[in-house]
Amino acid sequence: PTLPHPSPTGVLAVQKQAMAAGAPGALTRIDSGSTVYRLAMGKADRAAGTPMDADRRFRVGSVTKSFTTVVLMQLVAEGRVDLDAPANDYLPQALPDDRITVRHLLNHRSGLWDYTNDMFYNTVPGFEAVRNKVFTYQELIDLSTAHAPTNQPGAAYSYSNTNFVVLGQLIEHTTGMSMGTQYEQRIFKPLGLKNTSYVHPRTTLTGSYARGYVRDDDTTLPLVDSTEQTASWAQSAGAVISNSADLNRFFAAVVSGGLVPPAQLREMMSLVPVNADGTQSYGLGLRGRTLSCGVTVYGHTGTVQGYYTYAFTTADGKRRVSSMANTSNNGTVNTILGGTLEAAFCGTDPT
Ligand SMILES: C[C@@H](NC(=O)[C@@H](C)NC(=O)CCCC[C@H](NC(=O)C[NH3+])C(=O)[O-])C(=O)O
């Protein structure tokens, strides 16, 4: 089906609403065929008063999970990892349940508890306690396995950062190389993603970037500048830094088979509904969103202290959108920002 034209005015209306709800700034880039829309407003740096622009780099949070999945699926295609084998076959230290397969990690059905539930129960104190910390994968996994599983392996979908921390450990143990090197050699370099990096545990962003501001649980308190952090609590589950142009290029490459062979791509894009009305789904390291105009788009969302991200593409890679608001711990902003998908793919304009 041909898509309605994108609505730049719809995007601007969404960004305006996001700012009214507390975001210091917002940016969106739509690539539609050869047409590019770059839309930004508000501040990239509140203290300096620097205006936001659509090319600035930012922390993409869980969009990292799609990058990690591409590396893993390349290993599957190379015959080095079997999706339906026990993850324990590939780990230096066994998970408590041998029935957890590699696939369960990729589709959030392992039942492994998400350690961030405890780590960030109190948002700002939790963040301040870890922002300069460096964790090993095993330390994060141990935080998770101290809790009972949320479900038996395969029995239910339960989103958990732990799954992609285990996948990071699995990839490093299997290849003997760091995640950073794997991302660089298998994705960043081949695609020429010059605005994308994995600098864990370095705390600083380089080049032109947006600063991020996390909101306190007590919303009467001022925003906290959360730009500099190791992101070691997230690593292969959320520590990539990128920008809207690179994310749009990445997801176009994923769905057009530029990064993983057809068999593995089919697995990634096999979506299972995860909400009641089926408008939200999950494949392997990919979220699916079915929009009001009937199109299903593929990509991922991201939440890391100071940054909300949406990055999605049509199945054929012809239209992609990435949007970011530089605040977090503000569900209203996160939900509003999701409206850029409707504007970009369905031409919806709330004004
Ligand atoms: C959900 C999202 N997941 C991610 O991006 C991962 C990397 N982030 C998280 O799990 C949120 C960590 C806490 C953020 C903090 N929240 C709190 O501390 C809440 N007490 C904040 O909002 O800054 C996704 O897949 O889209």
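The ligand takes up the space of the largest pocket. A molecule counts as sitting in a pocket if more than half of its atoms lie within 2 Å of the pocket's grid points. Keep in mind that this is a predicted model, where local features need pLDDT of at least 70, side-chain atom pairs count only at pLDDT 80 or more, and totals for chains, interfaces and linings use all residues. Residues are numbered from 1 along each chain as its sequence is written, and side-chain values use heavy atoms, leaving out hydrogens and water.

Let's start with the ligand's neighbours. There are 20 residues around the ligand, and Ser 62, Phe 120, Tyr 159, Thr 301 and Ser 328 come nearest; being near takes a heavy atom within 4 Å. By class, this shell has six nonpolar, 12 polar and two charged residues. Strand E11 (residues 296–304) gives the largest share of the shell, four residues.

Here are some polar contacts, meaning pairs of N or O atoms within 3.5 Å:

| Side chain | Ligand atom | Distance |
|---|---|---|
| Thr 123 | nitrogen | 2.7 Å |
| Tyr 159 | oxygen | 2.6 Å |
| Ser 328 | oxygen | 2.6 Å |

Taken alone, the ligand exposes 630 Å², and the protein buries 83% of that. Those areas come from the Shrake-Rupley method with a 1.4 Å probe.

About 460 Å³ of space lies in the largest pocket. Among the 25 residues that line the largest pocket, Thr 116, Phe 120, Trp 233, Thr 303 and Val 304 are the closest to its centre. E11 again supplies the largest share, here five residues of the lining.

Note on methods:
Polar contact = N/O pair within 3.5 Å; in protein donor to acceptor, adjacent residues only side chain to side chain. 1 Å grid on protein atoms, 1.4 Å probe; cavity = no way out; pocket = protein on both sides within 12 Å on 5 of 7 lines; lining within 4 Å. Helix = DSSP H or I, 4+ residues; strand = E, 2+ residues; numbered from the N terminus. Nonpolar A, V, L, I, M, F, W, Y, C, P; charged D, E, K, R; others polar. Points joined across faces, edges and corners; volume = space filled by probe spheres on them.
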